[in-house]
Amino acid sequence: MASGPDPNSFGDGAKRDEAMTKVPSKDPKKKDDKKEEDLSEEDLKLKQNLELYVERVQDPNPELQKAALESMRQEIRASTSSMTLLDRMPKRLSWLELGALEEAGKLSITINKGGKFTVSQLFVDIQDFSNLEKLKVAWGVTDPKPHKAPKKVAVPSHLPEKLMKLDLQCFPDAELPSLLEPGKLRMLEKLYIKGGTKLTGFGKSVPEKPTECSVKVLRLKFLPRLKVEWRELRELYFPKLEFLDKYQSPHVSFCLCDGIGIWRGKSNQL
């Protein structure tokens, strides 16, 4: 029997959360070792150098911090890697000044809730990353010593111009920032939102006519308060939608999904 298409591609077949069926390794060190084995010699060297710069940036000496950041910028710019190895970098990498990563084509960021990065501030800092095509942002545990909220809240004006895939995990707010409302997503093709106990909708009001949203692949998982009906989702918010993966989002209602929460447009039927 021929295998189905990859669930991460357009018009894809679906596999329900493979990670839920796999037995995790009992030895995290072996898992990390396997990830390093997957890296090329060039990428492994770059990873090790970046980890060293991460340590140096946390030094109390401001001159050493500045030198480490500059070295990181130069290392990234000089590298021929696509920067996909950033997914394997330590979570503390997200503590760094994001400007050091402005040349990256793929970026994975973890943010502590209560930290200095609000959702809007994050997108302000990356909006001019001209090479960024794939972005994953995960909001982690609460910072025991949260920073004071800035008096003046920054407002991002646009997403990175080449961004094609956006993956938001454990989204912390009840509303998406205005630039992430579907009507503003005119270049993005894949939008994943996984986890967000506060998120209630895609905007303050339902659009009266179809938006110009270009998203074709939409994944909505573990969103207990997100409330939207199929007609609104398919006809108004995401009129170019070709694939929907809905899981543990009970108020995303009346969707024409199969038994495992998958819907495919007619052009993508097997």
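**Exercise 1.** What percentage of the 270 residues in the chain do buried residues make up?

Solution. The model is a predicted one. Buried residues come to 41% of the 270 residues. The chain exposes about 16,000 Å², and carbon and sulfur atoms supply 50% of that area.

**Exercise 2.** List the secondary structure of the chain and its order.

Solution. Step 1: there are 5 helices and 9 strands. Step 2: from the N terminus on, the order is α-α-α-β-α-β-β-β-β-β-α-β-β-β. Step 3: among contacts with a separation of 6 or more, 74% join residues 24 or more positions apart.

**Exercise 3.** Classify the ring pair of Phe 202 and Tyr 237, and locate both residues.

Solution. Step 1: aromatic pairs in the model number 6. Step 2: a pair of aromatic rings is described by the distance of the centres and the angle of the planes. Step 3: for Phe 202 and Tyr 237 the centres are 5.4 Å apart and the planes stand at 55°. Step 4: Phe 202 belongs to the loop between β4 (190-194) and β5 (217-221), while Tyr 237 belongs to helix α5 (residues 230-237), so the pair ties together parts 35 residues apart in sequence. Step 5: both Phe 202 and Tyr 237 are buried.

**Exercise 4.** Describe the surroundings of Phe 202, from its aromatic cluster to the core.

Solution. Step 1: Phe 202, Tyr 237 and Phe 238 form one aromatic cluster. Step 2: leaving aside residues up to four places away in sequence, Phe 202 touches residues including Leu 176, Ile 193, Leu 220, Leu 233, Tyr 237 and Phe 238. Step 3: the largest nonpolar core has 48 residues, and those with the most contacts inside it are Phe 123, Leu 135, Phe 202, Leu 220, Leu 233 and Phe 238. Step 4: elements giving two or more residues to this core include α2 (41-57), β1 (106-113), β4, β5 and α5.

**Exercise 5.** Where does the charged end of Arg 219 sit?

Solution. The charged end lies over the ring of Tyr 192, 5.1 Å from the ring centre.

Terms used
Residues numbered from 1 in each chain as written. Predicted model: local features only at pLDDT ≥ 70, side-chain atom pairs only at ≥ 80, totals over all residues. Heavy atoms only, no water. Phe/Tyr/Trp six-rings, centres within 6.5 Å; stacked < 30°, edge-to-face > 60°. Helix = DSSP H or I, 4+ residues; strand = E, 2+ residues; numbered from the N terminus. Buried < 20%, exposed > 50% of the residue type's maximum accessible area, 1.4 Å probe, protein only. Lys NZ or Arg CZ within 6 Å of the ring centre and 35° of its normal. Contact = heavy atoms within 4.5 Å. Areas by Shrake-Rupley, 256 points an atom, 1.4 Å probe, with all protein chains shown as cover. Core = buried A, V, L, I, M, F, W, Y, C linked by side-chain atoms within 4.5 Å.
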